[in-house]
Amino acid sequence: MKDFTPTSYTLECVATGREFEDEGWMMEDRTCPTPSLVRAKYAKRRLDVGPAERGLYRFADWLPVNRMLEGSSAPVTYKSKGLAKYLGLENLYITFNGYYPAIGATMTTCSFKETEAYSVCARTAPDERRVLVVASAGNTARAFARVCSDNNIRLLLSVPAENIGALWFDGPLNPCVKLICPEAGGDYFDAIRLGDLALKGDNFYAEGGAKNIARRDGMATTVLSAVTTIGRIPDYYFQAVGSGTGAIAAWEANMRLIDDGRYGSNLMKLIVSQNAPFVPMYDAWRVDSREMLPCDADKMRRNAEIIDAKVLSNRKPPYGIIGGLYDALKATGGDVMVCTNAQARKAKALFHELEGVDIYSAAGVALASLVKCVESGRIERDAVVMLNITGGGEEHFKEGKDLWYLKPSFTFPLDPDPQEVVARVDTLFA
């Protein structure tokens with residue numbers, strides 16, 4: 001889209017409050033003495049929502065982007081009838097990220113990770129020739145692969161071998177997208193470590209994860225969709241978390257909306273959920289620890305294999321960093337909950353029955369937590385509740401299609417030789 005002017009913003013260090021200019025792809029304040037996230041401070045204090053045909057970029061006022069890419073879709077928020085009646089909630093709003101054309105949801109990768117990918121990739125300079133590196137448990141990789149393939153952006157993905165079944169597409173990808181994997185038995189953390197080794201090559205640069213303002217502010221469009229649809233800031237926000245980045249983004253969007261002045265002044269209570277038995281953030285939260293508790297790597301890998309929601313298996317989340325999930329939960333009076341596979345499966349079936357579309361296991365975990373809260377009386381019947389359905393509609397999208405799967409160019413051992421990784425991945429983009 002050629003008529004777009006790059007969004008104007010500065011960066012602010014959460015720990016110190018220091019404001020400074022973004023010199024390009026900055027992930028931190030180099031002068032800050034302690035690990036801290038940085039936030040974007042947008043020139044436009046009041047959000048003007050653009051036309052629907054701009055997709056995600058209808059929220060470009062609050063996205064740190066240099067351009068608009070083709071093919072994006074925005075989250076869709078609607079007031080629930082079926083699920084709301086079942087739960088006895090008068091004001092349940094569902095923000096749906098996925099493929100459900102009946103309500104206007106057209107994310108072809110069926111995941112809210114598209115919101116990250118279209119924002120992050122639009123933050124890159126149009127003339128960038130280095131290779132973007134993204135580590136993922138599955139859905140993020142699929143989203144970045146689609147966006148980079150469609151917009152000819154060079155991308156190296158690192159995904160656990162067990163999760164590459166998530167890399168399905170409705171047609172072959174542009175060869176600018178390549179995949180590497182840690183061998184069978186590895187998890188998301190192993191994929192992150194492998195990606196970090198690839199970054200030692202001169203031709204590669206890191207997407208940045210939670211530290212990238214574009215990732216967080218892309219995910220924050222779920223809240224922008226909800227609030228501009230509802231007309232006010234919700235009382236409660238429900239989401240399943242692997243890294244917690246989406247919940248951090250929700251808190252940051254909430255504060256911007258308060259500053260906007262048109263949607264109320266309340267902070268949503270963030271109710272985030274993990275899939276048992278993989279619950280490292282829950283374990284830390286229940287003992288009020290900012291730091292993650294010690295854990296056995298092999299046990300965590302086994303727990304990651306057990307859970308249905310593989311995308312929630314992050315061993316090194318941005319939990320304790322200044323401005324991270326711990327601070328978000330403290331600021332909003334939030335909580336961390338736990339749901340089993342069985343509870344998530346029941347919730348998925350309930351959503352399909354009452355709302356008419358399939359959802360992912362992570363979204364099932366979020367709904368299962370909402371059900372628990374309602375049953376225990378933790379939520380007022382007239383409270384305004386936002387349920388972030390982070391992925392759905394895959395069955396609907398795949399119907400009648402012959403799928404194409406991205407295959408790894410290289411598979412590496414769990415403890416690879418760093419020089420070999422650099423040498424081999426460099427050949428992929430020669």
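A crossing of two helices is left-handed if the near helix is turned anticlockwise from the far one by less than a right angle, and right-handed if clockwise. Keep that in mind for the helix pairs on this tour of a predicted model.

**Stop 1: α7 and α10**

Select residues 245-260, which form helix α7, and residues 325-332, which form helix α10. Their axes lie 9 Å apart, and the helices pack at an angle of about 45°. Because of that angle, α7 counts as oblique to α10. Where α7 passes α10, the crossing is left-handed. To see the contact, show side chains for Ala247, Ile248 and Trp251 on α7, then Leu325, Asp327, Ala328, Ala331 and Thr332 on α10. Coloured by class, this contact of α7 with α10 shows 6 nonpolar residues, 1 polar and 1 charged.

**Stop 2: α2 and α3**

Next, select α2 (113-123) and α3 (139-151). The axes of α2 and α3 cross at roughly 40° and come within 8 Å. The two helices α2 and α3 are therefore oblique to each other. On the α2 side, the contact is made by Lys113, Glu114, Glu116, Ala117, Tyr118, Val120 and Cys121. Facing them from α3 are Asn139, Thr140, Ala143, Phe144, Val147, Cys148 and Asn151. The contact of α2 with α3 has 8 nonpolar residues, along with 3 polar and 3 charged.

Then move to Asn152, in the loop between α3 and β9 (155-158). Asparagine 152 is not a glycine, yet its phi is positive, at about 55°. Most residues other than glycine have a negative phi.

**Stop 3: the largest cavity**

How many cavities of 30 Å³ or more does the structure hold? There are 2 of them. The largest cavity contains about 300 Å³ of space. Its lining has 26 residues, and those nearest the centre of the cavity are Phe112, Lys113, Thr140, Gly242 and Val311. Lys113 and Thr140 also belong to the contact of α2 with α3 from the previous stop. The elements giving two or more residues to this lining are α2, α3, α5 (213-219), β13 (236-240) and α7. By class, the lining of the largest cavity has 13 polar, 10 nonpolar and 3 charged residues.

**Stop 4: the second largest cavity**

Now select Pro182, Asp190, Arg193, Leu194, Pro413, Leu414 and Pro416, which line the second largest cavity. The volume of this second cavity is about 40 Å³. Helix α4 (residues 188-198) gives the largest share of the lining, 3 residues. In this second lining, 5 residues are nonpolar, 2 are charged and none is polar.

**Stop 5: α4 and α14**

From α4, the contact uses Leu194, Leu197 and Ala198. From α14, Pro418, Val421, Val422 and Val425 take part. The contact of α4 with α14 has 7 nonpolar residues, no polar and no charged ones. Leu194 also lines the second largest cavity.

**Stop 6: the largest pocket**

Which helix gives the largest share of the lining of the largest pocket? Again select α4, which supplies 4 residues. Strand β8 (131-135) and α4 each supply at least two residues to this lining. The largest pocket has a volume of about 570 Å³. Of its 23 lining residues, Ile192, Gly208, Gly209, Ala210 and Lys316 lie nearest the centre of the pocket. The lining of the largest pocket divides into 12 nonpolar, 6 polar and 5 charged residues.

**Stop 7: around α8**

Finish at the loops on the two sides of α8. Select Pro277, in the loop between β14 (269-275) and α8 (280-286). The peptide bond from Ala276 to Pro277 is cis, with omega near 10°. Most peptide bonds are trans.

Then go to Asp288, in the loop between α8 and α9 (297-306). Aspartate 288, a residue other than glycine, has a positive phi near 55°.

Technical notes:
Residues are numbered from 1 along each chain as its sequence is written. This is a predicted model: local features need pLDDT of at least 70, side-chain atom pairs count only at pLDDT 80 or more; totals for chains, interfaces and linings use all residues. Side-chain values use heavy atoms; hydrogens and water are left out. Axes are lines fitted to C-alpha atoms, for helices over the stretch in contact, and angles run from 0 to 180 degrees between N-to-C directions. Angles under 35 degrees count as roughly parallel, over 145 as roughly antiparallel, 65 to 115 as roughly perpendicular and the rest as oblique. Contact means heavy atoms within 4.5 Å. Ala, Val, Leu, Ile, Met, Phe, Trp, Tyr, Cys and Pro count as nonpolar, Asp, Glu, Lys and Arg as charged, and the others, Gly among them, as polar. On a 1 Å grid over the protein atoms alone, a cavity is a set of points where a 1.4 Å probe fits but cannot get out, and a pocket is an open set with protein on both sides within 12 Å along at least five of seven lines; lining residues have an atom within 4 Å of a point. Grid points are joined across faces, edges and corners, and a volume is the space filled by probe spheres set on the points.
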